[in-house]
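Please look through the structure below slowly, with the sequence beside it, before reading the explanation.

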Amino acid sequence: MTLVAGGALFGYVNGQAANSENKLGASNAANVNFLNERFVVPQLTFKYTSPMNQITVYLYNNGQLTDSFVEAEVYTVPRSTMDLLYYYCSSTTPQTSTICTLPQAPFTQLIGNRVMDLNNRNTNGCYADANTLESPTLQNFQVPIGGISPITFTLPSLAAGCFSGSFAVGAFYYVQLLGQYGNSVTYFQAM
Amino acid sequence: MVKIGARGTQRKRRAVAGLVAALILFVMLFTVGTGYFLWVNTNNGLYSQALAARAAAVQNQVLENLQIITERGGAGGNDILFTVTNQGGLAAIIMSVFVSDNAGTLYCTVAGSPCTLVTITPVLPFGVSQGITTSTIDSGVSIPAGFTGTPPFTVKIVTQRGNSFTQQYPMPVAPFAVNAGSSNSAPIGFISMNFNYFKAYSVVCTSGDPSSPPVGGCTVTGFDTASPFSGYSVTKSILTGNYMLLVLSLTNVDPNLRDIVLSPGTPGSVSPSGTVDVQFAAPSKGGGTTSAAPFILGAVCNVPAGCGSYPYGHTMPPASLTLPRCTASGTPPNQILTCTPTLVYFYTTTKVAANFPFSNANPVPVVASNLIYLSGTVSAGGGCVPPPLPAPQTCPYGQSIPFATTLWSA
């Protein structure tokens, strides 16, 4: 009886320990990755020829692991003029970007690289496929350790009532990038 | 009949259940527990290591401080060059360079980006130790013909730690705050300099020699009627081959109400011995030497306005220049002092050479930490300080006024 009970207890404890180790390991890995993920934006540049609808962000990786990104927000201050979120929704869970888990349909159903007008996030049509608006796509964009890589975002053509416009010379534009492990960097520059 | 009691048939059993349970617990402790402990310990070690590395990285990032000096030159004499001086506490590595002309064109070395690719010489990355200035770096960006300096180019370097440092070409005028330490509101000594009035002129010399003493043949073009240079931002290229004139506004604010007489220096002599001059103490650069370019006191024209194209040496030089004492009105403690500024003119005794202000061929522009050395005598009033030396008498006087000027070439 003691052996049976002991064996059962042993198995249970062993399972619980393994379960705890998995969760602790995942949590710790997230923390360590967060600490090792570092990047800065040293430069922005715009497309000055018509249509002036492109912004290129140069990212430098001063961290200890390859940088990947899940969100890039391009906006003005105040945000009412422009607030565009380029993001990547994974087909697996947990989603890489919090925007992918928002309850508003149809965004939860969208997989891949997207761009959304955050000023009209609840308006149907104020989002678009961003595969042709990102170069390279956010999903495939990586910055190696010690490297500088550019990513270009093109302003989308959205439905009526959503964002429309282009970059204006003399105006300040902000870019906020969210790394896959949670680090965020904001940079702004006048066109 | 033999009856065998029940106790007789029972075998004796030891109470081992507790022992087995304890054994199982110990086994669990030393297998699962130890494994778990080691796992947690390893994870904690990794986390601590990452945390320490991040903290160190942030700390080191703060300690980085690089100063960029931009200039013009290169093989064709038309490239934007720059040097980097490490003024921080750690060695730094320059990973990338961005040059922007503020009109939409970005020059960089990042392949595959929309910038105009340039070749940096020497090849990036390279390090800069603490306190060291790099040799001249060629950005590979050519200055277009007709470039007037506005809008300026912006040179940005990115370090391995992720910091960015920028500088403009041409370099901006030295901030006014740099000169505030010796402003007329807080004079160091009895002579106050009005830092709002500090002009530089290019002296055109068609013939003759303006030195020892200046004689006719040289003129100050557009003197006080045209726009002079700011003394804080001297365009060397226009001055090169000509003589340079600096105009200061000095006021004698001696509370003892004594005259101060500035003594002109001997042309060619070195300050501060018995001379009044301006000294551009150019910073050492790339192993170059620190040098000075003395400007000897001269009074070309002591009329604040209307000098026009004044014959250089028409009424000069005076043997000395008196900064008159303040005049007092009223009675203490309601006494009011009225002090009158005097314009004082300094001119170079030699033509501005192409390598000015360096003794070697180091190019400009530079932000030069300069000193105006004033020397002469104080006379009358209370005599020398401190008493009880007999008064009146003439006492030696000396004062240095620090300021900063950006020397650049258009």
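The paragraphs that follow take up confidence, then disulfides, and then the nonpolar cores.

This is a predicted model, in which local features need pLDDT of at least 70 and side-chain atom pairs count only at pLDDT 80 or more, while totals for chains, interfaces and linings use all residues. Residues are numbered from 1 along each chain as its sequence is written, chains are lettered from A and ligands numbered from 1 in the order in which they are written, and side-chain values use heavy atoms, with hydrogens and water left out.

The term pLDDT stands for the predictor's confidence in each residue, from 0 to 100. For chain B the mean pLDDT is 69, and 57% of the residues of this chain reach 70 or more. Among the elements of chain B, the highest mean, 93, belongs to strand β3 (residues 92–100), and the lowest, 35, to strand β18 (residues 308–311); strands, like helices, are DSSP runs numbered from the N terminus, a strand (E) having at least two residues and a helix (H or I) at least four. Over residues 281–318 of chain B the pLDDT stays under 50, although the model has 117 contacts beyond four places in sequence for them, where contact means heavy atoms within 4.5 Å. For the complex, the predictor gives an ipTM of 0.84 and a pTM of 0.64.

Strand β3 of chain B contains B:Ser96, which counts as buried because its relative accessibility is 2%; buried means under 20% relative accessible area, exposed over 50%, and partly exposed in between, with a 1.4 Å probe and protein chains only. Leaving aside neighbours within four places in sequence, the contacts of B:Ser96 include A:Ile148, B:Leu124 and B:Ile157.

A search of the whole structure finds three disulfides over all chains, each being a pair of cysteine sulfur atoms within 2.5 Å. In chain A, the sulfur atoms of A:Cys126 and A:Cys162 are 1.9 Å apart, and the link is left-handed, with -85 degrees about the S-S bond. This pair links distant parts of the chain, since A:Cys126 sits in the loop between β5 (112–117) and β6 (127–129) of chain A, and A:Cys162, 36 residues apart from it, in the loop between β9 (148–154) and β10 (172–179) of chain A.

In chain B, a disulfide joins B:Cys108 to B:Cys115, and the torsion about its S-S bond is about -70 degrees, so this disulfide is left-handed. B:Cys326 and B:Cys339 form another disulfide, which is right-handed because the torsion about the S-S bond is about 105 degrees. At 3% relative accessibility B:Cys326 counts as buried, whereas B:Cys339, at 28%, counts as partly exposed.

The last topic is the nonpolar core, a set of buried Ala, Val, Leu, Ile, Met, Phe, Trp, Tyr and Cys residues joined through side-chain atoms within 4.5 Å. The largest such core has 34 residues, of which A:Val57, A:Leu59, A:Tyr86, A:Phe167 and A:Leu177 touch the most other members. Its largest share, four residues, comes from β1 of chain A. Leaving aside neighbours within four places in sequence, A:Val57 is in contact with several residues, among them A:Val41, A:Ile151, A:Phe153 and A:Leu177. A second, separate core of 24 residues includes B:Leu66, B:Val97, B:Leu124 and B:Val155, and B:Leu124 is also one of the contacts of B:Ser96.
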